[in-house]
Amino acid sequence: MRVVFLGGTETVTGSKYLVETENTRILIDCGLFQGYKWLRRRNWQPLPLDIANVDAVILTHAHLDHSGYVPVLYKNGFRGPVYAHYATVDLCWVLWTDSGRIQEEDAKYLGKHNLSKHEKPEPLYTEEQADKAHKLCRSVNFKTKFQVGDISIELTPVGHILGAASVVVEADGKRIGFSGDVGRSNDLLMLPPEPMPPVDVLLLESTYGDRLHDNTDPLQDLAEIITETAKAGGVLLIPSFAVGRAQLVQHLIVSLMDSGKIPRMPVFLDSPMAIRVSDIYRRHNKYHRLTAEQCARSEQIIEYTQSIDDSKAIAEQAGPHIIIAGSGMATGGRILHHFKHWLGDHRCTVLFSGYQAGGTRGAKMMQGVQHIKVHGEWLPVKAKIRSLDGLSAHADYQELADWLANSKLTESMNIQLIHGEPNTLETFRDFLLANTKFDVDIPDYMSILRV
Ligand SMILES: [Zn+2]
């Protein structure tokens with residue numbers, strides 16, 4: 001077999017690996033490059049392969065940096081199939097169509113304000129193309145082998161988010177593993193990652209290859225922040241990612257209320273996307289820790305605001321309340337409208353619940369800026385800015401090493417470190433070389449590995 005690294009090298013985005021045998025070609029993951037402009041530009045460059053010759057795409061999970069390029073393949077003539085776990089297929093429809101809609105809106109905005117060097121800026125793909133691409137998806141189960149040409153494929157759950165899997169491909173008497181994004185054994189929402197089956201080569205994610213998560217109790221922290229904000233008579237604004245984080249935060253708030261650890265107050269989930277995703281988590285509850293009753297309880301207690309009118313009506317709400325809304329790094333979404341109301345009020349708190357990438361509003365607010373620009377208007381930041389650590393859905397380097405130790409891997413296995421920033425990859429390689437007997441490499445973008 002041959003593996004071509006078409007993304008996910010030297011960066012945490014754009015995961016895309018071509019696996020080839022004499023007769024079969026498949027892509028493992030098909031993600032968008034995100035973040036810096038020089039990376040995003042790669043989404044517009046043609047892949048160095050004939051898309052018509054790709055027999056199938058296999059997705060580890062639904063996050064756009066692993067799945068969001070499939071509509072581009074569709075646009076360029078690919079007609080499938082795309083294999084992924086049932087829950088991943090459901091999540092992909094929400095994520096891809098939302099991504100298509102945002103790209104159409106961005107292209108329109110750039111055109112209207114003459115901000116593009118192109119006369120008529122085009123979206124990378126449209127909502128309609130995303131919807132059509134989704135029809136290529138075929139749902140598969142965990143731990144059930146299936147075949148594409150002469151390659152046998154199996155998905156094993158790895159926590160992280162609903163439907164997330166590691167993938168093992170087998171052909172020519174060799175086995176290659178793709179870790180996908182690996183979750184944490186003590187995750188409050190997801191089940192622990194299952195051990196990696198034995199493989200000859202493992203492409204291992206390295207997102208937190210140079211970091212250890214702290215051990216604070218997020219439930220305790222959340223209770224304190226909610227109680228303090230309520231006592232001050234303020235509003236708690238929680239910018240949240242739609243997949244995973246919004247569901248966990250709802251559950252934590254409801255548990256705290258039901259156990260009497262925080263006062264009862266209105267809670268709004270003001271994100272149509274997170275509402276749809278919450279429904280998918282409820283339907284697939286056997287793949288995470290929450291029971292059907294716990295999911296139903298969140299829906300009972302929390303007010304889901306779908307329409308713009310319902311969202312606007314939240315502004316009429318008097319007294320302490322909680323608003324969970326996208327986006328997670330405050331780069332867009334309905335949370336910005338609530339910022340306009342409440343950011344200048346010292347009684348209020350903004351609680352970030354996840355990773356804040358450099359350059360985003362979230363990162364700037366965490367650094368303590370006094371003013372922040374929203375829709376062209378400078379807003380004073382008088383609300384308290386807090387963050388909830390301990391909710392990360394990615395294993396840190398010790399947790400990754402523990403996962404490897406719990407898997408039945410041979411000492412001679414070769415590890416290819418992917419999905420990390422350059423410094424992180426080097427630090428993680430040194431850690432693994434010092435603490436394990438595995439052979440460890442860092443592949444280059446577009447490089448080829450023969451197995
Ligand atoms: Zn992910």
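**Close-up 1. His-375 in the loop between strands S17 and S18.** This loop runs between strand S17 (371–374) and strand S18 (377–380). Helices (H or I, at least four residues) and strands (E, at least two) are DSSP runs, numbered from the N terminus. The model is predicted: local features need pLDDT of at least 70, side-chain atom pairs count only at pLDDT 80 or more, and totals for chains, interfaces and linings use all residues. Residues are numbered from 1 along each chain as its sequence is written, and side-chain values use heavy atoms, with hydrogens and water left out. His-375 is not a glycine, yet its phi is positive, about 50°. Its relative accessibility is 46%, so His-375 counts as partly exposed. Buried means under 20% relative accessible area, exposed over 50%, and partly exposed in between (1.4 Å probe, protein chains only).

**Close-up 2. His-419 in the loop between strand S20 and helix H14.** Strand S20 spans 414–418 and helix H14 spans 422–435. His-419 has a positive phi of about 55°, although it is not a glycine. With a relative accessible area of 3%, His-419 is buried.

**Close-up 3. The cis peptide bond between Gly-80 and Pro-81.** Omega is about 0° here. Pro-81 sits in the loop between helix H3 (70–75) and strand S5 (82–85).

**Close-up 4. The cis peptide bond between Gly-326 and Ser-327.** Omega for this bond is about 5°. Ser-327 belongs to the loop that links strand S15 (321–325) and helix H11 (335–342).
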